[in-house]
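Q: I am new to this structure. Can we go through how to read it, feature by feature?

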Amino acid sequence: MKHTITLIPGDGIGPEIVAATVRVIEATGVDIEWETQILGAQAHEKYGTTIPDQTIESIRKNKVALKGPQMTPVGKGFTSVNVGLRKNLDLYANVRPVKALPNVPCRYPELDLVIVRENTEDLYAGLEHVVVPGVVESIKIITEKASTRIAKYAFEYARDNGRKKVTAVHKANIMKLSDGLFLECFYNQAKLFPDIEADDKIIDNCCMQLVMRPEQFDVMVLENLYGDIVSDLCAGLIGGLGLAPGANIGELGAVFEAVHGSAPDIAGQGIANPTALMLSAIQMLNHIGERDAAAKLHDAILAVFADGTSITRDLGGTAKTNEFARAIEDKIKANSAATA
Ligand code: NAI
């Protein structure tokens, strides 16, 4: 079956890791027509807006996008196009598997958990204003509707993926109303999934527990900001941001992207690690029903890491982005020839 998928190269290392990822996806033999679109500063220059209608329409039509990271100016300038895209398409569930790969030097080689982050509200609502000079108010929005649907998503995900437990992460001891509501919605949903264990942790204790005993977690469900921060913490447990994939899922479509950003410090040097985006592509292939292609890509990534000869610089190797992609491509071809 032929698929049309929106492709957003992004900023910084984006175009490099996107090209590497498209190359290995195509090596699996899956039939995809890519519809390239832009966002952010590039789009502003071309169309006068950071989130052009064409890009949104393309994702709405195709229902699936593979996206490179987008730069967001710090402290000034335009608002995050990532946040804008997620809100615009109501991509409410950000699903981020955290699983170590063979041979990667890391603290927890056996770790295997999944973060489900609420993607549309919380402090990311972007409601900030100066009350009087020197005093700024930033508003945290938590709703029953969004908290209920993300908790439901987390329990359904656990059930569908053979997972045993969902942990809600919060600060309801301090934010009794907002995080209290999030927690209440979580436990209301938990009653509907008696086969899945449900518990909760306060965010600060949760961070300590993640560093000391992360194996106690299975699926974690978090508000937007906690989910963002804990995702990077978890990436650090399995070897770094170069290995952490993600999917943004909603009723209108799904956008697949790595957890990491545009890495301006290494952009243009051809040394970025494309693994996180390739793992996001595996989530995408499964999402569109191309399970064989997903398995081929996954097996090839595992094999290249097991060989340990084509590892990128962030993980202590010397391979450039395109050399790593070539190694994966060669593995896919060799595996396909062996099974033909
Ligand atoms: P970052 O994730 O881009 O980089 C943090 C560190 O990790 C840097 O040292 C970088 O070189 C390294 N790193 C990240 N990805 C890597 C990869 N694939 N291979 C090797 N090394 C990698 O975070 P930073 O510097 O805070 O943000 C840069 C820009 O990215 C900002 O404008 C930020 O807003 C944006 N960003 C975009 C995201 C998205 O589009 N989904 C997510 C996170 C940040």
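A: Let us start with burial. A residue is buried under 20% relative accessible area, exposed over 50%, and partly exposed in between (1.4 Å probe, protein chains only). Ser58 has a relative accessibility of 2%, so Ser58 counts as buried. This is a predicted model: local features need pLDDT of at least 70, side-chain atom pairs count only at pLDDT 80 or more, and totals for chains, interfaces and linings use all residues. Residues are numbered from 1 along each chain as its sequence is written, and side-chain values use heavy atoms, with hydrogens and water left out.

Q: Where is Ser58 found, and which residues does Ser58 touch?
A: Helices (H or I, at least four residues) and strands (E, at least two) are DSSP runs, numbered from the N terminus. Ser58 belongs to helix H3, residues 53–62. Contact means heavy atoms within 4.5 Å. Leaving aside residues up to four places away in sequence, Ser58 touches Thr6, Glu35, Gln37 and Lys63.

Q: With which side chain does the side chain of Ser58 make a polar contact?
A: A polar contact is a pair of N or O atoms within 3.5 Å; within protein, one must be able to donate a hydrogen and the other to accept it, and residues adjacent in sequence count only if both atoms are side-chain atoms. Here the partner is the side chain of Thr6, at 2.7 Å.

Q: What span should helix H1 have?
A: The expected span is 1.5 Å times one less than the number of residues. H1 has 14 residues (14–27), so it should span 20 Å; its end C-alpha atoms are 20 Å apart, which agrees. Gly29 follows H1 and has a positive phi, near 90 degrees.

Q: What do the buried residues of H1 pack against?
A: Among the buried residues are Ile17, Val18 and Val22. The partners include strand E1 (3–8), strand E2 (32–36) and helix H11 (321–339).

Q: Which residues of helix H4 are buried?
A: In H4 (residues 81–88), they are Val81, Asn82, Val83, Leu85 and Arg86. At the start of H4, a side-chain oxygen of Ser80 comes within 3.2 Å of the backbone nitrogen of Asn82. Just after H4, Asp90 has a positive phi of about 50 degrees.

Q: How many residues surround the ligand?
A: A residue is near a molecule if one of its heavy atoms lies within 4 Å of it. The ligand has 21 such residues around it; Gln70, Thr72, Gly261, Ala263 and Asp265 are the closest. A polar backbone atom of Thr72 is 2.8 Å from a ligand oxygen.
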